[in-house]
Amino acid sequence: MLGHLLPYADTVFNHRQASTLLEEVPRLPAGVLTDEFAREAIELGQAVLDGPGLYLWFLGD
């Protein structure tokens, strides 16, 4: 899912995509993501799964 993030455009993940992201992040090799980004992605992805009708938005530059 991280391959779908665009640095200069907004990206939105729905419930299913957030679930896939949560599975993907822990499997990435060390150094691909900063610890802070990985922690926040997992926390926000879990919030999407826990709430009804929520989306995970990544805002581009």
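I began with a term: a patch is made of residues with over 30% relative accessible area and no salt bridge, where like charges are joined within 9 Å and nonpolar side chains (Val, Leu, Ile, Met, Phe, Trp, Tyr) within 5 Å. A salt bridge is a side-chain nitrogen of Lys or Arg within 4 Å of a carboxyl oxygen of Asp or Glu. Accessible areas come from the Shrake-Rupley method with a 1.4 Å probe, and for residues only the protein chains shown count as cover.

I noted that this is a predicted model, where local features need pLDDT of at least 70, side-chain atom pairs count only at pLDDT 80 or more, and totals for chains, interfaces and linings use all residues. Residues are numbered from 1 along each chain as its sequence is written, and side-chain values use heavy atoms, with hydrogens and water left out.

**Entry: the patch**

I looked up the nonpolar patch on the surface. Val12, Tyr55, Trp57 and Leu59 form it, with about 470 Å² of accessible area together.

**Entry: Val12**

I found Val12 in strand β1, residues 11–13. Helices (H or I, at least four residues) and strands (E, at least two) are DSSP runs, numbered from the N terminus.

I then listed contacts, meaning heavy atoms within 4.5 Å. Leaving aside neighbours within four places in sequence, Val12 touches Gln17, Tyr55, Leu56 and Trp57. Leu22 is 10 residues from Val12 in sequence and 15 Å from it in space, C-alpha to C-alpha.

**Entry: His4**

I went to the segment before β1 and found His4 there. His4 counts as exposed, at 52% relative accessibility. Beyond its neighbours within four places in sequence, His4 is in contact with Thr11 and Phe13. I also checked Leu49: 45 residues separate His4 and Leu49 in sequence, and 19 Å in space, C-alpha to C-alpha.

**Entry: helix α2**

I traced α2 over residues 35–50, which makes 16 residues. From first C-alpha to last, α2 reaches 22 Å, close to the 22 Å expected at 1.5 Å a residue. The expected span is 1.5 Å times one less than the number of residues in the helix.

Which residues of α2 are buried? They are Ala38, Ala41, Gly45 and Val48. They cover an arc of only 90 degrees around the axis, so they sit on the same side of α2. The arc is that of the directions from the helix axis to the C-beta atoms. Their cover includes α1 (15–24) and β2 (56–58).

On the other side of α2, I found Asp35, Arg39, Glu43 and Asp50 exposed. Arg39 has a relative accessible area of 53%. Arg39 and Pro52 are 13 residues apart in sequence and 22 Å apart in space, C-alpha to C-alpha.

**Entry: helix α1**

Technical notes: Buried < 20%, exposed > 50% of the residue type's maximum accessible area, 1.4 Å probe, protein only.
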